[in-house]
Structure formats: C-alpha cells, structure tokens
Amino acid sequence: NASKYTWVAAGIGSMNTAGYQLATEKPVLPIGGFNGTDPSPTLAQFQQYVKDGKIHYFIGGDSFGPGGQGASGTSQSISDWVKTHYNAETIDGVTLYDLTQAQKS
C-alpha cells in the first residue's frame with residue numbers, strides 16, 4: 001500500500017536514503033538534504049507529516065552523512081523524537097520505525 005504515502009520512508013541525508021529509493025522505486029524523504037546537515041524539514045514539519053500519515057517508516061541509524069559525520073541539530077532532533085516515540089524493529093540489519101503505529105507511552 002505504498003501509494004497511500006507521500007514518502008514510503010524517511011531517513012537522515014540523501015546519501016543514506018538514495019539506495020532505498022532506488023531499490024523500491026518509491027519516494028523516500030532525505031531529512032537534512034544531501035548529508036543531513038540542512039535544517040529541512042523542521043521537527044514541527046516532520047511531526048505534522050507523521051500526524052498526517054504521509055510517511056510510513058523512519059530508517060534509523062547512528063551514522064549520518066558521508067563518512068559518518070554528524071547530522072545537523074534539526075536532523076538529530078527528528079531522529080531523537082522518532083526514537084523516543086516509536087518502537088524500533090530490525091529487519092536484515094536495518095533499524096526501522098513504523099510511524100503508522102501507536103506512539104510509545
């Protein structure tokens with residue numbers, strides 16, 4: 001049911017998300033732009049996307065951007081918010097958060 005989402009997944013930086021978009025041939029939201037350091041979308045915008053059901057999964061991981069450089073404060077805030085509010089599931093070594101499931105209490 002991927003067509004019901006604007007983005008089938010979101011992750012930090014297009015360097016990390018491009019492979020998923022190419023493999024699935026579905027749109028994946030690269031948070032923070034190319035390497036995760038651009039402040040887009042904001043945390044509030046991302047939370048609204050999730051609330052509106054526009055994103056199915058968040059691709060987790062602690063290695064952001066080329067060479068594992070750190071994400072921007074905005075990207076890190078989004079990642080931290082997801083980790084705090086959603087349960088992680090590891091599939092084939094990839095940590096995913098289902099943003100359509102109920103939030104943790």
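How much accessible surface does the chain have, and what share of that belongs to carbon and sulfur atoms? This is a predicted model, and its accessible surface comes to about 5800 Å², with 49% belonging to carbon and sulfur atoms. Of the chain's 105 residues, 35% count as buried.

Now for the layout. You'll find 3 helices and 5 strands, and starting at the N terminus they run β-α-β-α-β-α-β-β. Take the contacts between residues at least 6 apart in sequence: 53% of them join residues at least 24 apart.

On to the inside. As a general point, nonpolar side chains in soluble globular proteins tend to be buried together. Here the largest nonpolar core has 15 residues, and Ile31, Phe46, Ile55, Phe58 and Leu99 make the most contacts inside it. At least two residues of this core come from each of strand E1 (7–12), strand E2 (28–31), helix H2 (43–51), strand E3 (55–59) and helix H3 (73–85). Apart from this core lies another, of 5 residues, including Val8, Ala9, Val28 and Ile59. Zoom in on Ile55 and look beyond four places in sequence: among the residues it touches are Trp7, Leu29, Phe46, Tyr49 and Leu99.

Finally, look for the largest pocket, with a volume of about 270 Å³. It has 15 lining residues, and Ala9, Tyr20, Thr24, Tyr57 and Leu96 are the closest to its centre. E1, helix H1 (14–24), E3 and strand E5 (94–98) each give two or more residues to the lining, and E3 gives the most, with 3. By type, the lining divides into 11 nonpolar, 3 polar and 1 charged.

How values were computed. Residues are numbered from 1 along each chain as its sequence is written. This is a predicted model: local features need pLDDT of at least 70, side-chain atom pairs count only at pLDDT 80 or more; totals for chains, interfaces and linings use all residues. Side-chain values use heavy atoms; hydrogens and water are left out. A nonpolar core is a set of buried Ala, Val, Leu, Ile, Met, Phe, Trp, Tyr and Cys residues joined through side-chain atoms within 4.5 Å. Buried means under 20% relative accessible area, exposed over 50%, partly exposed in between (1.4 Å probe, protein chains only). Helices (H or I, at least four residues) and strands (E, at least two) are DSSP runs, numbered from the N terminus. Contact means heavy atoms within 4.5 Å. Accessible areas come from the Shrake-Rupley method with a 1.4 Å probe; for residues, only the protein chains shown count as cover. On a 1 Å grid over the protein atoms alone, a cavity is a set of points where a 1.4 Å probe fits but cannot get out, and a pocket is an open set with protein on both sides within 12 Å along at least five of seven lines; lining residues have an atom within 4 Å of a point. Grid points are joined across faces, edges and corners, and a volume is the space filled by probe spheres set on the points. Ala, Val, Leu, Ile, Met, Phe, Trp, Tyr, Cys and Pro count as nonpolar, Asp, Glu, Lys and Arg as charged, and the others, Gly among them, as polar.
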